[in-house]
Amino acid sequence: MAEQQKQAAPDAVLTRIGQVVILHHAGDREEARHRLLELWTELGEGGDPLHRCTLAHYLADTQDDPSDELAWDLRALTEAEAARGALAVRALYPSLHLNLAADYVKLDRTEAARVHLRRARGAAGALGDDSYGDGVRAEIRRLEAWLGEGL
């Protein structure tokens with residue numbers, strides 16, 4: 001019974017990340033970055049890889065410099081690899097690779113962008129038939145069109 005309650009209880013770290021993401025989407029990028037970095041420090045290197053993956057994924061979005069954004073997105077992918085056993089990670093791979101492809105486009109590294117776009121497309125089967133999955137698939141198609149169909 002206690003195990004069932006533990007599984008049903010919301011994940012406090014993911015809830016905190018979500019609250020900061022709302023702040024970011026409301027337009028306070030700098031404060032969101034500050035709070036996410038505090039949480040990153042709090043989790044430390046021994047933190048849950050799924051938490052660290054999610055946190056790095058959102059930290060990337062708060063960066064002003066495309067190179068910093070790429071560095072955080074690469075950290076997110078590294079943490080996803082560490083959490084490979086977690087079921088939730090499979091659905092993150094399309095978005096993680098899509099973000100990396102977009103980062104490489106910003107840095108004018110087209111071939112690296114294409115590599116990650118292919119990986120995003122290859123992992124898209126893990127996406128659900130929901131608004132999140134639809135959105136990621138639409139972004140994959142948009143970036144494919146932008147980079148050209150010769151992928």
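Biologist: How many cavities of 30 Å³ or more does the structure hold?

Modeller: The predicted model holds one cavity of 30 Å³ or more.

Biologist: And how much space lies in the largest cavity?

Modeller: About 40 Å³.

Biologist: Which residues line the largest cavity?

Modeller: The lining is made up of Val20, Val21, His24, His25, Leu36, Tyr58, Asp61 and Thr62. Four of the lining residues are nonpolar, three are polar and one is charged.

Biologist: Which helix gives the most to that lining?

Modeller: Helix 2, with four residues. Helix 2 covers 12–25, and helix 4, at 49–61, also supplies at least two residues of the lining.

Biologist: Staying with helix 4, what about His51: buried or exposed?

Modeller: His51, which is found in helix 4, counts as buried because its relative accessibility is 9%, and the cut-off for buried is under 20%.

Biologist: What is His51 in contact with, leaving aside neighbours within four places in sequence?

Modeller: On that basis His51 is in contact with Asp11, Val13, Leu14, Ile17 and Leu43.

Biologist: Changing topic. Where is Glu69 found?

Modeller: Glu69 is found in helix 5, residues 66–82.

Biologist: Why does Glu69 count as buried?

Modeller: Because its relative accessibility is 10%, and under 20% is buried.

Biologist: What does the side chain of Glu69 make a polar contact with?

Modeller: With the side chain of Lys106, at 2.8 Å. Leaving aside neighbours within four places in sequence, Glu69 is in contact with Lys106 and also with Ala60, Asp61, Gln63 and Asp103. Asp61 is also one of the residues that line the largest cavity.

Biologist: How far apart are Glu69 and Arg29?

Modeller: In space, 13 Å from C-alpha to C-alpha; in sequence, 40 residues.

Biologist: Last topic, helix 8. What should its 14 residues span at 1.5 Å a residue?

Modeller: They should span 20 Å, and the end C-alpha atoms of helix 8 (residues 110–123) are 20 Å apart, so the two values agree.

Biologist: Which residues in helix 8 are buried?

Modeller: Ala113, Arg114, His116, Leu117, Ala120 and Ala123. An α-helix has 3.6 residues a turn, so residues three or four places apart point the same way.

Biologist: And what covers the buried residues of helix 8?

Modeller: The cover includes helix 5, helix 7 (93–106) and helix 9 (131–147). Helix 5 is where Glu69 is found.

Definitions and conventions
Residues numbered from 1 in each chain as written. Predicted model: local features only at pLDDT ≥ 70, side-chain atom pairs only at ≥ 80, totals over all residues. Heavy atoms only, no water. 1 Å grid on protein atoms, 1.4 Å probe; cavity = no way out; pocket = protein on both sides within 12 Å on 5 of 7 lines; lining within 4 Å. Points joined across faces, edges and corners; volume = space filled by probe spheres on them. Nonpolar A, V, L, I, M, F, W, Y, C, P; charged D, E, K, R; others polar. Buried < 20%, exposed > 50% of the residue type's maximum accessible area, 1.4 Å probe, protein only. Contact = heavy atoms within 4.5 Å. Polar contact = N/O pair within 3.5 Å; in protein donor to acceptor, adjacent residues only side chain to side chain. Expected span 1.5 Å × (residues − 1).
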